Amino acid sequence: MRIHLIAVGQRMPAWVETAFADYAGRLPHEARLVLTEIAAPARGKSPDLERLKRQEGDRILRALPRDAEIIALDERGKSLDTVGWSQALSAWLPSGRDTALVVGGADGLDTRILDAAHQRWSLSRLTLPHPLVRVVVAEQLYRAWTLLVNHPYHRA
């Protein structure tokens, strides 16, 4: 089983790549985290936001693994605590089915992605910068796994 983080945006700062790689590397093989970066369309001076979201949506739809459980990370989604992430991971692992966590661009996700999603999660009521979202997702997945195996990383 793989967990895919599909995120709009490329060329992240070095600290983001380092932190993401660190947490992703801590996960066991059976919960491998794979990042797929989606190029954001050029915005221009007077961007048509709906067209841009559709273009991002097209690229995301092509990147989604076949038959994956799709979770859209959306500000209006369900807020889960760490235990909730751990419970979700616990359900994903024995299924053998890939899971895709999807992060849209600056203007959010295209409605086709939201409609295709099996679930919608919110990481926070705060607006987080997209580079930080990658790190938060990787860290929370690692923390969720440590709860499942009683590793001392998470001390609740």
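Helices and strands here are DSSP runs, numbered from the N terminus. With that in hand, the predicted model can be explored through its largest pocket, which has a volume of about 510 Å³. Of the 22 residues lining this pocket, Leu73, Asp74, Glu75, Leu128 and His130 sit closest to its centre. Strand 3 (69-79) and helix 5 (130-148) each bring at least two residues to the lining, and strand 3 gives the largest share, with 4 residues.

Arg134 counts as buried, at 3% relative accessibility, while Glu37 counts as partly exposed, at 32%.

Another bridge pairs Arg112 with Asp58, with the closest N and O atoms 2.8 Å apart. Here helix 4 (residues 111-116) holds Arg112 and helix 2 (residues 49-63) holds Asp58, so parts 54 residues apart in sequence get tied together. Asp110 joins in too, as Asp58, Asp110 and Arg112 are linked in a network of salt bridges. Back in strand 3, Glu75 pairs up with Arg76 in a salt bridge (3.0 Å, N to O), and both residues are exposed.

Finally, Asp98 sits in the loop between helix 3 (82-95) and strand 4 (99-103). Its relative accessible area is 16%, so Asp98 counts as buried, the cut-off being under 20%. The Asp98 side chain makes a polar contact with that of His4 (3.0 Å).

Definitions and conventions
Residues numbered from 1 in each chain as written. Predicted model: local features only at pLDDT ≥ 70, side-chain atom pairs only at ≥ 80, totals over all residues. Heavy atoms only, no water. Buried < 20%, exposed > 50% of the residue type's maximum accessible area, 1.4 Å probe, protein only. Polar contact = N/O pair within 3.5 Å; in protein donor to acceptor, adjacent residues only side chain to side chain. 1 Å grid on protein atoms, 1.4 Å probe; cavity = no way out; pocket = protein on both sides within 12 Å on 5 of 7 lines; lining within 4 Å. Points joined across faces, edges and corners; volume = space filled by probe spheres on them. Salt bridge = Lys/Arg side-chain N within 4 Å of Asp/Glu carboxyl O.
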